[in-house]
Amino acid sequence: MSCIEQMKYTILLDRISFKEAREYIETNSDEVYYVSPGYKIFKDYYIIGVPPIAMGSKGNALVFPYTKPCHGSFVLSIENEDSIKEINRLRETEKEKEPASSKKDKSLESSKASSTSFLDMWKK
Amino acid sequence: MTGAKVLLMMGCPEIPIQTSIALYLSHKLTNLGFDVTVAGTTAATRLLKVSDYDGHYAKKLVDLDKTLEDIIEKRNDFDICFAFMHNDSGMTYAATVSAISQARIYSIVFGRHTEELAQTIEFDCEKIVTQDVHNPVRLKNKLDKVMEAMAR
């Protein structure tokens, strides 16, 4: 059992496909970042997913996909001190990837742009 | 390929043929000289453990999430992975292995919604698809051909 199941979390969507989880995060988050499968959050949870994996922030909450073999994918939201750290880490990683670009704030930039660039990178 | 490390990755054991095919594959591949590890959820591994209590057919039985963690942390990896999938989660786990491991992937797509599920696979793999739930023979026959090619 990962630490996620012992944390206080909110289920935003349950028993859906991974694609639906990605679309929900892209549509309903303030900021969207993309990570590779196996990205580690909250000390011991390695994200399971089909790349590109969308991770979102909504205020101080981290919004992310969580997949269980027998129950499908979920979209979870966790808001605590650690979620703020995780969001900051995603922002820092994004800055390192694209030092010249602005942040992926949905009001400024479409999340699709990031998705496309990640997919292109993935195919190389 | 003798001695190559093979991972059999079981998903949710809701569809009955998964357990028998996993035992069959493990036994046949071991006899061909492959180093076979069977990974699964708690329920899937318990089904296998009870069916093969003394580990005659599945010699290495491990936890699925721990196995992925070991691959991600580069403590372990495999040359070949057979990924069982009958739902979107199974496909999602296989996509994860495809991204984190150097293993060649064989996607075993079975169950009730095989065509739709097989179409969602975007990663590089060989697909073995049969729309079977209770009768493992058709899938066994297809896997025999795959193993025949692997043994060459």
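In the predicted model, strand S2 (residues 35-40) of chain B is joined to S3(B) by three bridges, and the two strands run parallel. Within this pair, B:Val38 lies opposite B:Leu61 of S3(B). Both strands belong to an open sheet of six strands in chain B, ordered S3-S2-S1-S4-S5-S6, in which the pairing is parallel. The edges are formed by strand S3 (61-63) and strand S6 (126-129) of chain B, each of which pairs on one side only. From one strand to the next, the twist averages 20 degrees.

Helix H6 (residues 137-151) of chain B packs on this sheet, where it touches strand S4 (80-85), strand S5 (104-109) and S6 of chain B. The direction of H6(B) makes about 150 degrees with that of S6(B). Angles over 145 degrees count as roughly antiparallel.

H6(B) also packs with helix H1 (residues 17-31) of chain B, at an angle of about 25 degrees and with the axes 11 Å apart. Because angles under 35 degrees count as roughly parallel, H1(B) and H6(B) are roughly parallel to each other. The crossing of H1(B) with H6(B) is right-handed. On the H1(B) side, the residues involved are B:Ile17, B:Ile21, B:Tyr24, B:Leu25, B:Lys28 and B:Leu29; on the H6(B) side, they are B:Leu139, B:Lys140, B:Leu143, B:Asp144, B:Met147 and B:Met150. Nine residues of this contact are nonpolar and three are charged, with no polar residues.

H3(B) contributes B:Leu64, B:Asp65, B:Leu68, B:Ile71 and B:Ile72 to the contact, and H4(B) contributes B:Tyr93, B:Thr96, B:Val97 and B:Ile100. By class, the contact of H3(B) with H4(B) comprises seven nonpolar residues, one polar and one charged.

Between the chains, 19 residues of chain B are in contact with 18 residues of chain A. The two chains bury about 1,400 Å² between them, and 69% of this area is on carbon and sulfur atoms. On the chain B side, the most area is lost to chain A by B:Ser89, B:Thr92 and B:Tyr93, which together account for 29% of what that side buries. B:Tyr93 also takes part in the contact of H4(B) with H3(B).

Key:
Residues numbered from 1 in each chain as written. Chains lettered and ligands numbered in written order. Predicted model: local features only at pLDDT ≥ 70, side-chain atom pairs only at ≥ 80, totals over all residues. Heavy atoms only, no water. Pairing = 2+ DSSP bridges. Helix = DSSP H or I, 4+ residues; strand = E, 2+ residues; numbered from the N terminus. Axes fitted to C-alpha atoms, helices over the stretch in contact; angles between N-to-C directions. Contact = heavy atoms within 4.5 Å. Parallel < 35°, antiparallel > 145°, perpendicular 65-115°, else oblique. Left-handed = near helix turned anticlockwise from the far one by under 90°. Nonpolar A, V, L, I, M, F, W, Y, C, P; charged D, E, K, R; others polar. Buried area = accessible area lost by both parts, 1.4 Å probe.
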